[in-house]
Amino acid sequence: MPEIQLLRPGHAPALLAFEQENRAYFAAAIPDRGDDYFARFDERHRALLAEQEAGVCYFHVLVGAEDEVLGRINLVDVADGGADLGYRIAERAAGRGLATWAVRKLCGLAANRYGLTTLRAGARLDNAASRAVLARSGFVIVGERQLSGRPGLSYLRDLADFAAPEAPGAADRHAGRSPAP
């Protein structure tokens with residue numbers, strides 16, 4: 001499996017290549033980013049890194065064995081213990097369980113690294129692949145919504161089952177007591 005890496009400045013060239021190579025593929029399921037996105041990619045990349053530094057978003061890339069970007073998986077609008085999940089996988093890597101693996105992995109990071117308790121997501125009704133990924137990853141449908149002017153569903157994922165258990169005796173140490181023998 002690829003590695004999930006927190007977005008950094010050095011990812012820019014591979015990330016731009018990923019977005020360009022998959023533009024038509026992504027546009028079939030979600031709105032196209034538009035020409036301005038590509039023309040101002042470096043500026044946009046710096047802005048994402050600034051948002052990440054501020055702690056309002058956490059952007060990740062799925063990096064393959066050849067340091068190529070195979071996908072993106074992001075947590076945006078981080079506040080009050082929750083965030084919105086978004087992801088996209090390269091066409092050449094789709095259909096192999098990579099999105100489900102990455103979403104589950106990011107749920108663990110969200111709970112244990114970023115201290116989040118819930119994730120929100122959305123998927124259009126005509127995007128069966130994303131709906132399947134969310135369902136396989138434990139997201140539950142909580143309502144209907146419009147996504148890019150099309151009917152979609154809202155999802156929620158409680159992250160309690162991803163929280164790392166405390167080590168034996170940790171609760172006693174926190175309370176100032178020695179653990180029982």
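I counted a disulfide as a pair of cysteine sulfur atoms within 2.5 Å. By that rule the structure holds zero disulfides. Cysteine 57 is buried, with a relative accessible area of 2%, and cysteine 107 is buried as well, at 0%. I used these classes: buried is under 20% relative accessible area, exposed is over 50%, and partly exposed is in between, with a 1.4 Å probe and protein chains only.

Before going on, I noted what I was reading. This is a predicted model, in which local features need pLDDT of at least 70 and side-chain atom pairs count only at pLDDT 80 or more, while totals for chains, interfaces and linings use all residues. Residues are numbered from 1 along each chain as its sequence is written, and side-chain values use heavy atoms, with hydrogens and water left out.

**Overall layout**

I listed seven helices and seven strands in the chain. Both are DSSP runs numbered from the N terminus, helices being H or I of at least four residues and strands E of at least two. The order from the N terminus is β-α-α-α-α-β-β-β-α-β-α-β-β-α. The C-alpha trace spans about 65 × 40 × 30 Å along its principal axes. Of the 181 residues, 41% count as buried.

I then looked at contacts, meaning heavy atoms within 4.5 Å. Among those between residues at least 6 apart in sequence, 58% join residues at least 24 apart.

I looked up leucine 116: beyond its neighbours within four places in sequence, its contacts include Leu75, Val78, Ala110 and Leu159.

Alanine 123 sits in strand 5 (residues 118-124) and counts as buried, at 3% relative accessibility. Leaving aside neighbours within four places in sequence, alanine 123 touches Ser130, Arg131, Leu134, Leu147, Gly152, Leu153 and Tyr155.

I followed serine 130 next. Serine 130 belongs to helix 6 (residues 128-136). Is serine 130 buried or exposed? Serine 130 is buried, with a relative accessible area of 17%. With neighbours within four places in sequence left aside, serine 130 is in contact with Tyr87 and Ala123.

**Positive phi**

Most residues other than glycine have a negative phi. Phi of aspartate 77 is near 55°; aspartate 77 lies in strand 3 (residues 69-79) and is exposed, with a relative accessible area of 51%. Phi of serine 148 is also positive, near 55°. Where is serine 148 found? I located serine 148 in the loop between strand 6 (140-147) and strand 7 (150-158).
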